Amino acid sequence: VQLQASGGGLVQPGGSLRLSCAASGRIFNIRIMGWYRQAPGKQRDLVASITNSGSTNYADSVKGRFTISRDNAKNMVYLQMNSLKPEDTAVYYCNFWGPGRDYWGQGTQVTVSS
């Protein structure tokens with residue numbers, strides 16, 4: 001099983017991007033889907049997560065600006081990012097987690113700069 005993240009790019013401050021993450025192959029019992037990010041020289045941090053029942057959790061720094069959603073039938077997770085700031089610049093990674101399962105995408109670069 002591989003996760004493929006897409007949708008990153010260069011955007012001006014205040015702009016928007018939508019990240020997508022799809023799984024290749026059949027996967028089962030994924031309880032939590034999430035997005036993490038890692039800026040140069042920093043650790044990888046949780047940005048947002050969503051359970052299979054739809055409960056969401058956000059890092060304080062993105063609350064009110066980012067929205068996570070998932071399509072269980074398609075095994076996909078999305079991250080809508082609005083009002084982007086330069087400090088959102090990082091490589092964004094998707095993650096699918098379940099009992100005995102922990103899958104990571106390859107990362108997609110998001111750069112917020114004028």
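A pocket here is an open set of points on a 1 Å grid over the protein atoms alone, where a 1.4 Å probe fits, with protein on both sides within 12 Å along at least five of seven lines; lining residues have an atom within 4 Å of a point. The model is predicted, so local features need pLDDT of at least 70 and side-chain atom pairs pLDDT 80 or more, while totals for chains, interfaces and linings use all residues. Residues are numbered from 1 along each chain, and side-chain values use heavy atoms, leaving out hydrogens and water.

**Exercise 1.** Work out what volume the largest pocket has and which residues lie closest to its centre.

*Solution.* Start with the volume, the space filled by probe spheres set on the points, which are joined across faces, edges and corners: the largest pocket comes to about 210 Å³. Next, 13 residues line this pocket, and R37, A39, K42, D45 and E87 are the closest to its centre. Now look at strands (DSSP E runs of at least two residues, numbered from the N terminus): β4 (32-38) and β5 (45-51) are the elements giving two or more residues to the lining. β5 gives the most, with three.

**Exercise 2.** Find which rings R18 and R44 sit over.

*Solution.* The test is CZ of Arg within 6 Å of the ring centre and within 35 degrees of the ring normal. R18 lies over the face of Y78, at 4.2 Å from the ring centre. For R44, the charged end sits over the ring of Y93, 3.6 Å from its centre.

Key: Helices (H or I, at least four residues) and strands (E, at least two) are DSSP runs, numbered from the N terminus.
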